[in-house]
Amino acid sequence: MKTKLFFVIFFIFSSTSLVWATGTVRWNGSTSSAWETSSNWTTVSGTPSTPPGSGDAVEIGIVAYTTQPTVSSSTSVTSITFGAATGAILTINSGVTLTVSGAVSLQSNASSNSTASITGSRSEEHTSELQ
């Protein structure tokens, strides 16, 4: 019985496309608006790249900052969470692609109105799995 249960659990996890982040980074914008500048990012957890890469989760607006991020070269991340501390404007320059393999989410709380704006060309692709 234990062998069959293990196999069923293993099969379920190996047949779904889960997105796992290596680590989480938070935008601080302390140096400039350049997404690609390492010092504009703070490591929150794990072992992410700074600037973030394809295995990293990104947080923007979770804490207050004054310089909005601008993506100037194509990159990929696992997820992006927009927080309620700062109204976030994420600019993606012309001809540049920001690929998010997981969720894009917007947090809010009772004491503030959360807003996030993504400027630039946008292309969306949605996939789903039948279960």
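Visitor: In which sense do β1 and β3 pair, and over how many bridges?
Guide: The model is a predicted one. Between these strands, R26 stands opposite E59 in β3. The pairing of β1 and β3 is in the parallel sense, and the number of bridges is four.

Visitor: Which residue of β6 is the bridge partner of I60?
Guide: Strand β3, residues 56–60, pairs with strand β6, residues 79–82, in the parallel sense over four bridges. Along this pairing, V58 stands opposite I80 in β6. For I60, the bridge partner in β6 is F82.

Visitor: What is the strand order of the open sheet of five strands?
Guide: β1 and β3 pair with each other, and β3 pairs with β6 as well. The edges are held by β2 (41–46) and β9 (104–106), each with a single partner strand, so one side of each has no neighbour in the sheet. The pairing is mixed, and the order is β2-β1-β3-β6-β9.

Visitor: Which residues are linked into a cluster by ring pairs?
Guide: The structure holds two aromatic pairs. W27 and W41 form one of them, with 5.0 Å from centre to centre and 75° between the planes, an edge-to-face arrangement. W35 and W41 have ring centres 4.9 Å apart and planes at 75°; planes over 60 degrees apart count as edge-to-face, so this pair is edge-to-face as well. The cluster linked by these ring pairs is W27, W35 and W41.

Visitor: How many residues apart in sequence are the parts that the pair of W27 and W41 ties together?
Guide: Both W27 and W41 are buried. W27 lies in strand β1 (residues 23–27) and W41 in strand β2, so the pair ties together parts whose separation in sequence is 14 residues.

Visitor: Is T66 buried or exposed?
Guide: T66 sits in the loop between β3 and β4 (70–71). Its relative accessibility is 77%, and the cut-off is over 50%, so T66 counts as exposed.

Methods: Residues are numbered from 1 along each chain as its sequence is written. This is a predicted model: local features need pLDDT of at least 70, side-chain atom pairs count only at pLDDT 80 or more; totals for chains, interfaces and linings use all residues. Side-chain values use heavy atoms; hydrogens and water are left out. Two strands pair if DSSP finds at least two bridges between them. Helices (H or I, at least four residues) and strands (E, at least two) are DSSP runs, numbered from the N terminus. Rings of Phe, Tyr and Trp (its six-membered ring) pair if their centres lie within 6.5 Å; planes under 30 degrees apart count as stacked, over 60 as edge-to-face and the rest as tilted. Buried means under 20% relative accessible area, exposed over 50%, partly exposed in between (1.4 Å probe, protein chains only).
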